[in-house]
Amino acid sequence: MISTLHLGPVALPTYPLLALLGFYLGLWLAAQIAARRGINPDHLYNLGFYAAIAAAVVGRIGHILLFFPAYRSDPISILSPNLAAFQPVFAVAAVAIVILFYQRRYHLPVAELGDALAYGALLTLATLALADGLNGRHFGIASTQPWAIEQWSMARHPVQYYEMLGTLLLIALLWWRQQTLRPGQLGLWAAAGYAAVRLFVDAYRDQPALIGDGYRQSQVIAFIALMILLLVLYQSLAEPDTPNGITFEWQQEEDGSR
Amino acid sequence: MTTKRRFSLILILTFLLGGWWIWQHRLPTDITASARPAIPRAGNPAPDFTLLNPAGNEVHLSGLKGQAVVLNFWASWCGPCRAEMPELQQAYQQFGKNGLVVLGVNQGEPVSIVNDFLAQLQLTFPVVLDQQLQVSQLYHINSLPTTFFIDRDGIIREVVIGQMNAALLKERLRSIYP
């Protein structure tokens, strides 16, 4: 595990460092896709900036509201740099509102914007999986495979790296096929692909949250999400000529041959 | 075969294979947290250790079982550690009589420096000396302060890296001291 990078007298924690890098990389990739979809990539960078500010401010406001007496007795702690003093639900809601507001303000096409954001999110998730691996978070079950890694005093499945590799493979696959996908498709396939990756690799994660009769919660959520997304894609097949319909290359070939 | 039929087949196969994969990797539901290996992660038993306090007496972490423990790693040269000490002291004074232990683990400093620091900030909660840094290594401490919230059964419920403010400390205390 490499949870700290030592650069001379400076010790840098790898998790927040990679989280920041992942956020930037995801934004950069989203901007690339946006440009190919006819959206000015500057919109993506602006959106990322506003969303980050909103998440930080509203996340902290949420924490202040929940623990107002503590903050009232020590107002300076409102500026505490500790990222744990946040309410994630407030931050996520703020990000969603910022995206919605920005999309409406600049009349950005929803399907194209969704494609760019979902695809960019994949790279952020891959970077976070790497950060998890370096920090021993969400570790794997015991393994005797030659590629097992030593984490928490035991040889374990490098499940964080399985997730990273699966997600990178998905990014490559979608990049290769993007020209054949209509607006809206890329985002749907990105989400479905990531759900499939999690459904597969989470079988090797240790100490998962369980539901029902010992089922792994994250696998069940991924499975439900995957089935819903595939059904949405299936539904789109019924109307291949609509602007948001799904048309595959092999479908076009088939239609053309008729 | 038409596109829709092909896709239907993919849907059915995904449903069957996905369902089988989940079913295949079910886990027994009767595994308790205390049966897990002792590693310094939330949800696992806190690794046990024995260290000396400034008076030269041994303190065993396992000896505190039955009480909620806030295990705080610190050093006198660490500004954020110093800044959060009054909050830890206040929590100790407020809840100490009802089963909350704040245990400070000083990283590798001489007893004289530790005693001066405790006197200067008027800290009365127990402190132990990790002079060989073996407990810091056991707990994978990479930055200071780092705080573990351990419940009455000896299970780590939360880990906070960095300086806590009063609100964050209060929030995390809820996980071990409801």
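A polar contact is a pair of N or O atoms within 3.5 Å. The views below show a predicted model.

**View 1. The start of helix H2 of chain A.** A side-chain oxygen of A:Asn40 comes to within 3.0 Å of the backbone nitrogen of A:Asp42 at the start of H2(A). The helix covers residues 41-66, 26 residues in total. From its first C-alpha to its last it reaches 37 Å, close to the 38 Å expected at 1.5 Å a residue.

**View 2. The buried residues of H2(A) and their cover.** Among the buried residues of H2(A) are A:His43, A:Leu44, A:Leu47, A:Arg60 and A:Ile64. The cover over the buried residues includes helices H1 (14-36), H3 (68-73), H4 (88-105) and H5 (110-135) of chain A, together with helix H5 (166-173) of chain B.

View 3. A:Glu163 counts as buried because its relative accessible area is 6%, and buried means under 20%. Leaving aside neighbours within four places in sequence, its contacts include A:Leu125, A:Ala129, A:Tyr194 and A:Arg205.

**View 4. Strand S6 of chain B between two partners.** Five bridges join S6(B), residues 146-150, to strand S3 (residues 68-74) of chain B, and the two run antiparallel. Five bridges also join S6(B) to the antiparallel strand S7 (residues 156-161) of chain B. B:Thr146 stands opposite B:Phe73 of S3(B) and opposite B:Ile161 in S7(B).

**View 5. The two faces of S6(B) and its hairpin.** In a regular strand the side chains alternate between the two faces of the sheet. In S6(B), B:Thr146, B:Phe148 and B:Ile150 are buried on one side, and B:Thr147 and B:Phe149 are buried on the other. S6(B) forms a hairpin with S7(B), with five residues between them. In the turn, B:Gly154 has a positive phi of about 85 degrees.

Technical notes:
Residues numbered from 1 in each chain as written. Chains lettered and ligands numbered in written order. Predicted model: local features only at pLDDT ≥ 70, side-chain atom pairs only at ≥ 80, totals over all residues. Heavy atoms only, no water. Helix = DSSP H or I, 4+ residues; strand = E, 2+ residues; numbered from the N terminus. Expected span 1.5 Å × (residues − 1). Buried < 20%, exposed > 50% of the residue type's maximum accessible area, 1.4 Å probe, protein only. Contact = heavy atoms within 4.5 Å. Polar contact = N/O pair within 3.5 Å; in protein donor to acceptor, adjacent residues only side chain to side chain. Pairing = 2+ DSSP bridges.
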